[in-house]
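This report describes the architecture of one protein chain for a reader who has the sequence and coordinates at hand.

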Amino acid sequence: MKVIYVIISIVALFVWSGCVHGQQKTTQSMMNKELTDLEKYVIFEKGTEKPFSGEYYNHKGKGVYVCKNCGALLFTSNDKFDSGCGWPSFDDAIEGSVKQTLDADGRRIEITCANCGGHLGHVFEGEELTDKNTRYCVNSVSLKFIPENRDTLVLNDTSKIETAIFAGGCFWGVEHLLSKQKGVLSVESGYTGGDVENPSYKDVCSGETGHAEAVRVIFDSNKVSYETLAKLFFEIHDPTQVNRQGPDIGNQYRSEIFYTTPQQKQIAEKLISLLKKKDYKVVTKITPASTFYPAEDYHQDYYQKNGKTPYCHAYVKRF
Ligand SMILES: [Zn+2]
């Protein structure tokens, strides 16, 4: 199926290549099409929702908060506190997830999503509201809450939430098999590692954008180690195939690990060297994570939605 789609897409690319490569580099080029007018106003025009009006200022569920626009992990419920200000308040953020810049008013520090640039709110220090003495003051409409999952992950005080990104062929199968792992909170299919902003599935299928089909995993590294997840990744796809997985051929199906911390990089290197000692000719690349673009909705939970099982991914013991 996909091979036919690739051929159609290559033809289509000749028609569209002019406008794809002519895209302007703006934050809004990564706009989620599902956003409401209020969400667009806050996220892209740096607006502010009315205090005490948002969905999350008084929200006490256990789970994580991701960017409403791009799905990147930002905050956990462990760091949320009631500041009484009328907006969701956190005294810490996931490392590397939030960018701080001087606001246009020259006084406050604006916070934006490090993955997509979307506006979140402001950060204040020295108010002595919590031990960390910091308040990330965030618009509810800039956030989406993902609750803990009784089947795979229940959060506690020791939870250490991280993001892992794996590319191993068609994302439908990788996502399906990683979603069942204990300690995993959420999985999402998308595109990363390329050089065109906001690519569509058609763009990526052309093989011309440089993106890989990839899966973003949010997990608790105190419940399932990155090493366990990375081993599983190497055992549910064939890391010796160059730019393909089974019937799917093209550089978008390459094997690649996009690490989000230096520790993840070290673990990936260690596992590849272990596999090479076992005579596997591993071609998996190890690359720092860059912007992750969620795939279209119909690609998410594909096998669950369609009642099918993966056609090119299956568990093979390699360690
Ligand atoms: Zn974002």
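## Basis and overall form

The structure is a predicted model, in which local features need pLDDT of at least 70 and side-chain atom pairs count only at pLDDT 80 or more, while totals for chains, interfaces and linings use all residues. Residues are numbered from 1 along each chain as its sequence is written.

The chain contains 7 helices and 17 strands; helices (H or I, at least four residues) and strands (E, at least two) are DSSP runs, numbered from the N terminus. Its radius of gyration is 20 Å, close to the 20 Å that the globule rule gives for 319 residues, so the chain is as compact as a globular protein of that length. The radius is taken over C-alpha atoms, and the rule is 2.2 Å times the number of residues to the power 0.38. The C-alpha trace spans about 55 × 45 × 35 Å along its principal axes.

Of the 319 residues, 42% are buried. A residue is buried if 20 or more other C-beta atoms lie within 10 Å of its own, exposed if 12 or fewer, and partly exposed in between, with C-beta atoms placed from the backbone. Among contacts between residues at least 6 apart in sequence, 71% join residues at least 24 apart; a contact requires C-beta atoms, placed from the backbone, within 7 Å.

## Two domains

Domain 1 (2-24 + 148-306) and domain 2 (32-146) make up the domain assignment of the chain, with bounds that come from an automatic or database domain assignment. Their centres, taken over C-alpha atoms, are separated by 27 Å. At the boundary, 13 residues of domain 1 are in contact with 13 residues of domain 2. On the domain 1 side, β10 and β11 (184-192) each supply at least two of the touching residues, and β11 gives the most, with 3 residues.

## The open sheet and its helices

An open sheet of 6 strands has the order β16-β15-β10-β12-β11-β17, with mixed pairing; two strands pair if DSSP finds at least two bridges between them. The strands β16 (285-288) and β17 (293-294) stand at the edges with a single partner strand each, so one side of each is left without a neighbour in the sheet. Strand β10 (residues 161-168) is antiparallel to β12 (residues 212-220) over 6 bridges, and alanine 164 stands opposite valine 217 in β12. Helix α5 lies across β10, β12 and β15 (255-259), running at about 15° to β10. Helix α6 (residues 262-277) packs on the sheet as well, touching β10, β15 and β16, and its direction makes about 150° with that of β15. Axes are lines fitted to C-alpha atoms, for helices over the stretch in contact, and angles run from 0 to 180 degrees between N-to-C directions.

Strand β15 pairs with β10 in the antiparallel sense over 4 bridges, and with β16 in parallel, also over 4 bridges. Glutamate 256 in β15 is the bridge partner of alanine 167, whereas isoleucine 257 stands opposite isoleucine 286 in β16. Both faces of β15 are covered: Ser255, Ile257 and Tyr259 are buried on one side, as are Glu256 and Phe258 on the other.

## The nonpolar core

The largest nonpolar core has 68 residues, and those with the most contacts inside it are Ala72, Leu74, Phe166, Ala214, Val217 and Ala230. Such a core is a set of buried Ala, Val, Leu, Ile, Met, Phe, Trp, Tyr and Cys residues joined through C-beta atoms within 7 Å. Helix α5 (residues 226-236) gives the most to this core, with 7 residues. Domain 1 and domain 2 both give residues to the core, so it lies between them.

Leaving aside residues up to four places away in sequence, phenylalanine 166 touches Val174, Ala214, Val215, Phe233 and Ile257.

## Selected residues

Isoleucine 236 lies in helix α5 and counts as buried, with 21 C-beta neighbours inside 10 Å. Beyond residues up to four places away in sequence, isoleucine 236 touches Val174, Leu177, His313 and Tyr315.

Phenylalanine 52 is in the loop between α2 (37-45) and β1 (63-67) and is exposed, with 11 other C-beta atoms within 10 Å. Glutamate 128 is in the loop between β7 (119-125) and β8 (134-138) and counts as exposed, with 7 C-beta neighbours inside 10 Å.

Terms used: Contact = placed C-beta atoms within 7 Å.
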